[in-house]
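Visitor: I have a model open and would like to learn how to read it. Where do we begin?

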Amino acid sequence: MSTEKTSPSWDDLIKICSLKSCTCQIYNRQASPPPNDKDKSCCCGRLIRRHSFDGISLESKNKNTEWNPPNDFGILAHSIKVPVNVFGRIKSTDCKFVRIDLRSKLKDIYDLLVDDCGGVEHKPSLILSVYGGAKYFLVPEKLEKEIIRGIVDAASGTDTWILTAGINNGVSKLVGEGISHYRLLREYPNKVKCIGMTMWGTVNESTRFELKHSTDTYPREYLHRQISDNIQEDKETMEKNHTHCILFDDGQLSGYLGDVQRHGLVVYACQQEKHTCYGVTIIVEGGLNTLEVIENDIKEHRPILLIKGSGRLADTLATLIEQSSTTEKTDQNYPTDEDIKKVVAYFIPTPGNTEMNSTITRIKNILKKDNRYLLNVFSLNDDNNMAQTIFNAIFVKIKKNVIDDNTNKKNNQEQQDQNDEDKLINLALEWNYFEGVLPILHTRQDTKLRVTDTIHRLNQTKRKLTKDKLRLTGAELLRTENELQQAEDELRLIDTTNEKYIEYEKDLFKRSLEKNRPKFVEYLLAANSDPLILIETGDTSKRHETISNLYKKCHDQMNKNHSKYITTLFGATSSKTVEELDLKLIRFVGSFIGPIYSCEHDSTKNRVLIDLKTSISTCCEFKQVDDNQSTSNNDHKLPYTKDHLLRDLFLMSIFLGMPEMAKIILLHIPSRICAALVASAIFKRYAKSSTTIYLKNKFQNQALEFETYAGMFIDKCYEFNERIACELLLRHIPLFSESGKLLETACFDQTLAQVWYNKLSIENHQIFAKLLQIPTILTLGLSAPLAITYRDVEIEVADRSLSSDGINYYMNKKISTTHPCTKYWLLFKYFHQSPMVKMCYHFISYIFFLLVFSYMMLYHLDSGDPDIKPHWTEIYVIITISTMFCEEVRKIYHEYTTRMTERWGSTGSFLLTVLTNAFYIIPYFLFYLGLGFRYRAYNENIISTARIIWAFDLELWYLRSLRFIVVLKFIGPKLFMLKNMVCLFSY
């Protein structure tokens, strides 16, 4: 059962926590106002007759004495703690709220929020305090979108709390509404926790009434307004798009919350043992009261991000920072009082002299040189986006702390530096902030190269000393042995260091894959890190187990939405056997791809069983096998290389819906064209299986993107070398077994032309050459060696450029030295092996067959008298159709064994596929049915039945002749257009 279902609800957590609320105890519910003034109010802001306290009030305690109600409210003297009675959820936005005492312990507030956010496993790793303008302020639309996008991007990478003032105005409203929009559009709605912290007296009476009404346990008889109806309030409402709203109560219905609670909560969260949390404060606009927030953050050394362009205080401090820095922004200068006064007067309405002097002093303290590393400015003109600026602010602060700590700690300096760098890398990996640790990664890569060079040098020295040791004696031998021992000791030490770097790379590589961090993987691959370090041993079962575990861990790291649709489309990622991945390959890519992981079980019998089972139920678990045992077994004996692992990682990225990761790995795979087409095929199948329009469009776009990549690859190859590019489209790809597709590119057209003419020259497409082809065909090719132009022998072509068992249109190099008679018959054979010539013979023979069949039906379909021999036309038709039937069976078998069964369903529609296959089967069925009636009995009525059946059959054979016109340029494309239109109609 999931944690989400078993965790306590918000209401249950409130009931069991130790938090208390607060109310005024001057009067209670039984208090009565003076008879002449029923709307008299208490100093707390409530009507005397509308107090909610049900205990002994101060008025009751002094009832028998002369008692004057206080004019000024004091929280210690006039308030009292009571059980929490206002809590729940706002149904429209699911915002959780609670009213608590202003003096509540921050530990209790923190524990309540942690428990509601998922428990100790989901303690916040980052707290973003977004403060500033609390009233009306205007932010440019572009800057507003960047602020919200940056906050959400920074918060969505890890467990993050966003703290605001919680009111429906100013920056709190901006953040609340912005996150609400992104919660609907982005894939990380449940990780972004937006918590508003405000006073119970800050919100207006209508909001307080609504919150009480939303509390299920609040007594309905006490649900009424606590202020006079004549009072016109100019107060705030609660921002309801926050996930949580904490309303602090000091007993009054007035006042604003200072920064003590926010500051204390962040301090407590960042001081948790065995858990690291970072706080960043973002200042958007803001007035002079926002200086308190900045001062508290500087006191605790928390980074602050000023949004330049938002106005008032943020622009004031950002301008002063920029003015007091040099062009290179390395030497900070101290601003003068006059500089500060001018900037404050420009951006903030002019305060009084006393307040101005106080403001100048506070700003000078904030801008001290020791505090500059905490102050960061974001502007739309910067190269970094806001999320990067937030993370950079944290990294600058952490590095400063590391430098300060290392200054005080000189012992074990190198190990301490290593640990500090590891923390930064882990943090960057968690937040997907690659730029922050790029210098560290560069430094470690340089160190690794130096270590590798040292190992190489020491090995050379060791070999040299070992060789010299054999011919030395005496003191020289002793000296050489000492040098050799010293080299071996140094080598062992360096090997230990090298093993640490390898282990570090392995861990970083693995976690980058599991957390889907493409930039980290790109850097590691570009730095020549060997991905084979992920595979601990060369054992096949261990390797398969590692791959299966990677699938599961990557799936576990996904967000809820991503994980849900991948589980629906791909199925369970926790495969018990790696052979299940082969089954999924055939399911999503097609039957033309052979097994990758289970080649040792290859046999045609097993493959037939699997295909039968798969067609019945896709849930059956059988081992996928190949049909070509000899080839697959040979492939299985090959060592597992880096290319094989990259192939597996690429397929994992595609299957788990990580296209950005797949693009990175694609650039490092030798068979990029094939890999891109496999990715496109998988995404197309995902699009077809998706149930929402969004996912369909998403996967269709990704499929088109990888198809475009494949086209770009082959076009670049074609520009570089036309011959090799054509070979690429015809070669067998061992890395992806039997997979391979062609593209609609210039290279594709050229390859088809090469295959069409085979060993004949492509120049035969010219008109004069076509005229010469007529007599060569009429003479059955006897004049072809003399009249037809053949391909030249290409010396630069390798002997194994194309398979000798498959398509190979290159001329045999030995033909130039062959005896003229032998050469003649070789050219005669090459002429008849050309698909163009085969098609011509096929077309002529098919037309002759139709004419003979028609002639037989008209003149020689006599009664079946056993004493009369069948006419030669009937014998010819029977032999021809039987031969074509045998050829169809052979073709089906060949397509199955060569994994070309995709052609059986090439129409793209199940209905059209069934009708098309029926169209190919029915002519044979009708012919043999009519043949049975023809010779079943010697009855004229039965013979008539045979004539009718064969008449229908002849019509079908005529219709089948349409396939010959597909090759005509002015008709063929139009037929394909009609086929696609019919496919669309079928939907």
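Guide: With the sheet. This is a predicted model. Strands of a sheet pair through backbone hydrogen bonds, either parallel or antiparallel.

Visitor: How many strands does the open sheet have, and in what order?

Guide: The open sheet has 9 strands, in the order β3-β4-β8-β7-β6-β5-β9-β10-β11. Its pairing is mixed.

Visitor: Which strands are the edge strands?

Guide: They are β3 (87-90) and β11 (375-378). Each pairs on one side only. From one strand to the next, the twist averages 25 degrees.

Visitor: What packs on the sheet?

Guide: Helix α5 (residues 106-116) does. Helix α5 touches β4 (95-101), β6 (160-164), β7 (192-199) and β8 (244-249). The direction of α5 makes about 160 degrees with that of β8.

Visitor: How many bridges join β5 to β9, and do the two run parallel or antiparallel?

Guide: There are 7 bridges between strand β5 (residues 126-132) and strand β9 (residues 278-284), and the two run parallel.

Visitor: On to cysteines. How many disulfides does the structure hold?

Guide: First the idea. A disulfide is a covalent bond between the sulfur atoms of two cysteines. This structure holds 0 disulfides.

Visitor: Which residues is His 263 in contact with, leaving aside neighbours within four places in sequence?

Guide: Asn 296, Glu 300 and Arg 302.

Visitor: Now the aromatics. How do I describe a ring pair?

Guide: A pair of aromatic rings is described by the distance of the centres and the angle of the planes. In this model the count comes to 31 aromatic pairs. One of them is Tyr 551 with Phe 570, stacked, at 6.0 Å centre to centre and 10 degrees between the planes.

Visitor: Where do Tyr 551 and Phe 570 lie?

Guide: Tyr 551 is in helix α19 (residues 540-556), and Phe 570 is in helix α20 (residues 560-570). They are 19 residues apart, and the pair links distant parts of the chain. Both Tyr 551 and Phe 570 are buried.

Visitor: Why is the pair of Phe 849 and Phe 853 called tilted?

Guide: The planes stand at 50 degrees, with the ring centres 5.8 Å apart, so the pair is tilted. Stacked would need under 30 degrees, and edge-to-face over 60. Phe 849 and Phe 853 both lie in helix α33 (residues 835-859), 4 residues apart, about one turn of the helix. Phe 849 is buried at 1% relative accessibility, and Phe 853 is buried at 0%.

Visitor: Which residues do ring pairs link into a cluster?

Guide: Tyr 846, Phe 849, Phe 853, Phe 885, Tyr 924, Phe 927, Tyr 928, Trp 950 and Trp 957.

Visitor: Which lysine lies over the face of Tyr 830?

Guide: Lys 759, at 5.1 Å from the ring centre. Lys 698 lies over the face of Phe 699, at 6.0 Å from the ring centre.

Key:
Residues are numbered from 1 along each chain as its sequence is written. This is a predicted model: local features need pLDDT of at least 70, side-chain atom pairs count only at pLDDT 80 or more; totals for chains, interfaces and linings use all residues. Side-chain values use heavy atoms; hydrogens and water are left out. Two strands pair if DSSP finds at least two bridges between them. Axes are lines fitted to C-alpha atoms, for helices over the stretch in contact, and angles run from 0 to 180 degrees between N-to-C directions. Contact means heavy atoms within 4.5 Å. A disulfide is a pair of cysteine sulfur atoms within 2.5 Å. Rings of Phe, Tyr and Trp (its six-membered ring) pair if their centres lie within 6.5 Å; planes under 30 degrees apart count as stacked, over 60 as edge-to-face and the rest as tilted. Buried means under 20% relative accessible area, exposed over 50%, partly exposed in between (1.4 Å probe, protein chains only). A charge sits over a ring if NZ of Lys or CZ of Arg is within 6 Å of the ring centre and within 35 degrees of the ring normal.
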